[in-house]
Amino acid sequence: MVADERMPYAPYPSPSGTAVAATPVPVTSANGSGPWFLARANLDVLLDLLHEDDRKIIGPTVADGAIVYAEIRSVEDLPTGIGDEQSPGHYDLVDHGDRRVFDYTVGPLSPKRWTFPPVVPLNVGRRDGKAVSFEPSVLEAPRLAFLGVRACELAALGIQDRVFLGGPYTDEDYRNRRRSALVIAVNCTTASSTCFCTSMGTGPEARGGYDLVLTELDEGFVVRAGTPEGADLVAHLPVRGADAGQMFRAAEAIGKVAATMGDPVPTAGLHDRLLAQFDSPRWAKIAERCLSCANCTMVCPTCFCSSVTQRSDLDGDVSTSERVWDFCFTAGFAKVAGGSFRSRPRDRYRQWLTHKFATWVDQFGTFGCVGCGRCITWCPVGIDIRAELLQIAPPLAARPEPARPRPIASTPGSFATARIVSVRPETADVMTLTVGDVDPAFLSGEFGQFAMVAVPAFPPLPISISRFGRDTIDLTIRAAGPATASIIGLGPRDEIGLRGPLGSSWPIERAMGHDVVIVTGGIGLAPLRPLIDGLLAQRERFDAIRLYYGARTPNDQLYREELRGWAARGDIDVQLTVDRAHDDWTGPVGVVTHLFDRATWDGSRSLAFVCGPERMMEATVDALEARGLAPDRIFVTLERHMECGIGLCGHCQTGRLFVCRDGPVFSLAQLGDIFGREGI
Amino acid sequence: MSVSSLSLPPADPVSALSASWFGAGLSPEAVARLAGIAEVRDVEPGTELVSEGQITEAFSIVLAGRVALRTLVPERGMVTILTVEAGDILGWSAIVPPHRGTSTGIAIEPVQLLELPGERLRVLLRSDHALAASVYPRVLQAVSRRLSATRLQLLDLFAREEWSRREGQPW
Amino acid sequence: MATVAARPRLRVGIVKMASCDGCQLTLLDLEDELLALADRFEIVEFPEASSLRSAGPYDVLLVEGSVSTPDQAEEILELRRQAKLLVTIGACASYGGIQALRNWSDHDAYREAVYAHPEYIESLATATPIAEHVKVDLELHGCPISPEQLREVLVSVAVGRRPQIREEAVCLECKRKGAVCVMVAQGVPCLGPVTQSGCNALCPTFGRGCYGCFGPREQANATSLARTFALGGREGVEVSRLFAGFTGWSAPFRSVIAEYGGPPGMTPPAETRPEGGSDARR
């Protein structure tokens with residue numbers, strides 16, 4: 001977390017690997033150090049140099065009524081004398097009639113289109129009899145040079161660097177694309193009415209993250225280098241030292257731009273203010289206008305969410321998997337088997353805005369917004385986020401970072417194969433697969449972790465590890481849809497793809513010396529079974545252990561023999577209830593909270609571990625708190641829509657948390673009032 | 001797992017009432033007045049204690065054992081929708097009009113009850129307003145707890161999803 | 001690709017109601033895959049392309065066209081009985097199509113005006129989507145449907161997985177392609193934001209606003225979009241004209257059309273005319 005959340009970005013190291021300098025690298029030349037001047041007539045020399053370096057130049061050009069980024073061949077392709085006028089929902093080109101080429105602000109495209117392309121092949125999955133294989137697609141990143149990149153776009157690149165490269169799991173395809181692109185920035189000498197980089201602290205002056213930066217004057221460009229590569233380019237350009245007048249006019253132009261923008265979005269305390277308005281009626285008002293069309297997220301240079309699609313042949317034996325742009329405004333984004341966690345447009349809009357201006361800070365240390373104004377211009381109904389941003393306040397608890405074993409296949413395209421050893425039906429729709437030939441990383445996984453399970457032609461799914469054996473792991477799966485049904489249909493010697501072990505675990509060490517209460521329902525017993533194994537393996541280190549397990553009917557109970565075995569031990573209290581039964585069941589019928597809400601044991605001595613449908617967990621948490629357990633002693637595990645399991649597709653976000661990476665096990669204290677909140 | 005009641009000595013109404021959840025916190029006078037019309041009764045498993053739709057004769061507190069509340073679903077037969085455990089009340093309809101059981105309650109273990117005859121209890125509560133003011137809130141609380149449970153059961157949160165026949169997603 | 005001759009092929013039927021046949025032809029557009037498809041699917045009824053006939057049963061029945069005549073209203077009931085999986089293909093079958101514009105108008109008056117012997121014309125007063133008559137298992141949208149989506153449905157049936165039909169606006173296809181928004185940059189009214197994707201943003205790519213032929217997407221906020229069109233200085237009839245197209249009969253578009261004075265050029269409906277749904281013979 002940075003001290004000033006407005007500080008825009010940590011500039012990515014240049015291709016040579018050295019850190020970007022905040023001040024330009026001087027070139028030792030006859031002119032000495034300092035910025036240079038390139039005459040307008042010599043701009044094409046720069047383009048030629050880039051072509052000679054075998055680079056495609058992605059620069060500004062006019063197309064379809066806008067200034068977009070596209071491959072350009074020469075200075076003729078640049079938008080000479082063209083500028084733009086932007087306002088909410090409107091974009092118009094204007095003809096200035098002069099010779100300047102950078103007198104516009106930003107168009108609908110950004111460098112993100114090349115560093116995080118809309119469609120990227122991930123892998124090819126194949127099935128041959130029982131064996132499966134996943135071949136990650138490795139793409140050659142094209143050699144590019146971005147020309148005309150603005151300060152806000154540089155900040156956006158830095159922000160995506162942090163998302164894709166700054167965490168425990170990285171996207172190497174992104175890294176390769178960043179590495180092979182040269183960045184020639186341009187300081188803005190004009191601003192649109194929709195720009196607000198001054199508020200977000202990202203511009204208008206480029207302060208780092210570039211190889212070269214140009215400031216346009218009537219007669220040419222003031223040039224500075226930001227990296228040795230940039231300096232090397234300058235050394236081959238017909239430049240001379242910039243004189244004082246030119247430097248002054250450059251600085252003055254930038255200063256004027258900053259002044260025009262003012263400070264439309266005061267950001268002091270914005271994170272807290274915004275999150276405090278989570279239940280504001282204003283969200284519903286915005287939703288009356290919002291079309292949930294996702295245009296704002298697509299033009300946004302920092303939005304990074306994606307989905308994984310499969311295209312298979314008719315037998316499902318060969319399947320190409322691709323990563324495509326997909327954003328939180330689409331219907332399927334937050335869907336799981338039981339429904340969608342964010343079905344209403346107002347919840348989706350709130351998710352987007354609070355992510356951009358609040359929870360992004362918790363996740364990555366900066367705002368997610370760079371103030372480029374694209375979302376304002378390209379919203380078909382002209383919603384202006386500056387106007388919509390609300391004002392108020394409280395900080396959320398910081399998230400703890402436990403150390404975890406390094407998971408395998410933890411990149412978006414890869415899976416490691418494992419082989420099913422045996423299968424056991426638990427109930428009519430639940431099966432436990434015992435999987436062997438697994439990477440040792442799985443065997444040293446922790447209680448509560450999960451794996452992403454993949455089979456070609458089906459979407460990969462998060463499945464809890466329900467037992468850690470000596471050389472096998474168990475996966476207990478419920479048939480909730482075609483993908484789970486297909487996995488359940490597999491048998492001994494069939495192979496599957498795995499990624500993991502992933503996620504946070506039940507903090508069993510904290511329970512030592514305390515009473516333990518486990519409350520679970522239905523298939524929720526699966527992720528808790530390893531915890532029970534662990535508790536029983538060192539029974540003497542824990543005081544009373546109480547298991548309360550509810551199921552729909554007696555036939556829907558999981559692990560029935562084990563339940564009998566645990567009860568028969570005599571040193572753990574096992575109580576079962578069902579929602580409904582016939583007369584052959586003589587045990588309790590009702591909800592699992594009734595098993596303990598009138599009990600007399602001392603809650604202040606207990607830690608609780610809870611898993612089940614979210615509504616059941618809410619009722620359970622209420623009952624546990626009424627029994628005297630504090631929020632930092634109640635642990636739940638959340639289920640959300642996951643496409644990658646490693647915090648890169650963006651789907652599983654809940655407030656500031658990535659359920660796959662910060663969870664799925666959380667204490668109530670960590671969740672705060674996110675738990676049980678609608679549409680979050 | 002509950003305790004078999006036949007191994008317990010017959011309980012005395014006053015102490016049984018005071019020790020129960022229902023009676024905890026009642027004033028000694030209230031306990032005395034209620035215990036005065038109460039009787040301890042032991043029943044065998046299979047005994048029908050409340051009948052759905054019929055007048056409920058007694059308001060009881062379960063001291064030991066388990067009572068299953070059941071209702072008839074024509075295609076499925078008798079289905080148990082809730083069990084009443086030791087400490088909970090049975091037959092609250094005896095003091096709430098129209099005094100008819102809302103489900104059938106059958107002992108599925110040997111059960112010991114503290115029974116208060118419905119008619120006499122109603123007369124007592126009508127005349128002693130202070131007692132009524134202690135009794136009815138407890139009854140409400142017990143019924144409310146059952147209502148929350150029923151709602152959660154209604155949500156059928158553990159339901160096996162019939163995803164193969166859901167709208168627009170046929171397979 | 002392995003041919004599995006021993007496995008029984010799934011029986012596929014393709015039938016039409018009131019339609020132009022364009023959606024059926026999309027199957028023939030999958031020319032590269034036809035051989036592979038013929039391996040898994042046995043096309044038992046496809047009057048457009050084959051003289052093989054079968055009255056069922058079908059594992060998969062693709063239905064094109066809207067119900068427009070009394071005979072069709074009966075036929076669809078029998079077809080539903082014969083089909084394990086009934087998939088409507090195209091805007092007509094899924095939303096009523098362009099012919100559903102007659103649902104707002106005086107059907108009898110038009111019939112009298114157009115036909116010399118109107119008494120010989122057996123036609124319902126409304127053209128309605130298949131779902132208003134029988135339960136539909138899956139809808140493919142578009143005018144015509146997307147060959148890629150049709151392929152995805154057939155592959156999914158063959159493999160046994162849920163078809164991946166993305167639930168998103170046309171805007172996502174436009175922006176993934178890098179197309180510039182015609183509404184924002186050129187003031188051209190476009191239904192893209194409230195329309196389901198599937199066409200790869202065909203019309204906006206050529207500078208023309210989306211016609212909405214894939215139908216409204218989930219939770220389409222057509223009211224807000226209509227308001228924006230109206231704010232651009234358009235009169236009511238201009239706004240309703242934009243929505244009264246291939247999928248105008250769909251609920252979100254219908255309510256916008258009603259709000260802005262009904263589809264342009266319609267004869268005022270008779271007082272007693274019912275709103276829609278299966279209609280009695282004249």
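This is a predicted model: local features need pLDDT of at least 70, side-chain atom pairs count only at pLDDT 80 or more; totals for chains, interfaces and linings use all residues.
Biologist: How many residues does the contact take from chain A and from chain C, and what area is buried between the two chains?

Modeller: The size of an interface is often given as the accessible area lost when the parts come together. Here buried area is the accessible area, found with a 1.4 Å probe, that two parts lose on being put together, summed over both, and contact means heavy atoms within 4.5 Å. Between chain A and chain C the buried area is about 3800 Å², with 53% of this given by carbon and sulfur atoms, and the contact takes 57 residues from chain A and 46 residues from chain C. Of the area that chain A buries against chain C, 19% is supplied by A:Leu291, A:Leu314 and A:Asp315, more than any other three residues.

Biologist: Which polar and charged pairs lie across the interface of chain A and chain C?

Modeller: Side chains of opposite charge can pair when their charged atoms come close. A salt bridge is counted here when a side-chain nitrogen of Lys or Arg lies within 4 Å of a carboxyl oxygen of Asp or Glu, and the count between chain A and chain C is four. In a salt bridge, the side chain of A:Arg311 meets that of C:Glu148 at 3.1 Å, N to O. A polar contact is a pair of N or O atoms within 3.5 Å, where within protein one must be able to donate a hydrogen and the other to accept it, and residues adjacent in sequence count only if both atoms are side-chain atoms; by this rule 21 residue pairs, both at pLDDT 80 or more, are in polar contact across the interface of chain A and chain C.

Biologist: Which elements of chain A supply the side that touches chain C?

Modeller: Helices (H or I, at least four residues) and strands (E, at least two) are DSSP runs, numbered from the N terminus. Elements of chain A that each supply at least two residues include strand 3 (66-72), helix 9 (282-289), strand 13 (306-312) and helix 11 (345-364). The largest share, six residues, comes from strand 13 of chain A. With Ala, Val, Leu, Ile, Met, Phe, Trp, Tyr, Cys and Pro counted as nonpolar, Asp, Glu, Lys and Arg as charged, and the others, Gly among them, as polar, the side of chain A that touches chain C has 30 nonpolar, 15 polar and 12 charged residues.

Biologist: How does the contact of chain B with chain A read in these terms?

Modeller: In this contact, 32 residues of chain B meet 37 residues of chain A, and the buried area is about 3000 Å², of which carbon and sulfur atoms give 53%. Two salt bridges are counted between chain B and chain A, and the side chains of A:Arg598 and B:Asp88 meet in a salt bridge at 3.6 Å, N to O. Six residue pairs, both at pLDDT 80 or more, are in polar contact between chain B and chain A. Two or more residues of the side of chain B that touches chain A come from strand 5 (77-84) and from helix 4 (129-155) of chain B, with helix 4 giving the most, seven residues.

Biologist: At what angle do helix 3 and helix 4 of chain A cross, and which residues meet?

Modeller: Two packed helices are described by the angle between their axes and the distance between the axes. Axes are lines fitted to C-alpha atoms, for helices over the stretch in contact, and angles run from 0 to 180 degrees between N-to-C directions. The axes of helix 3 (residues 151-165) and helix 4 (residues 172-179) of chain A come within 9 Å and cross at roughly 145 degrees. Among the residues that meet are A:Leu157 and A:Phe164 in helix 3 of chain A, and A:Tyr174 and A:Arg178 in helix 4 of chain A.

Biologist: Where do A:Arg323 and A:Asp171 lie in chain A?

Modeller: The side chains of A:Arg323 and A:Asp171 meet in a salt bridge at 3.0 Å, N to O. This pair links distant parts of the chain, 152 residues apart, with A:Arg323 in strand 14 and A:Asp171 in the loop between helix 3 and helix 4 of chain A.

Technical notes:
Residues are numbered from 1 along each chain as its sequence is written. Chains are lettered from A and ligands numbered from 1 in the order in which they are written. Side-chain values use heavy atoms; hydrogens and water are left out.
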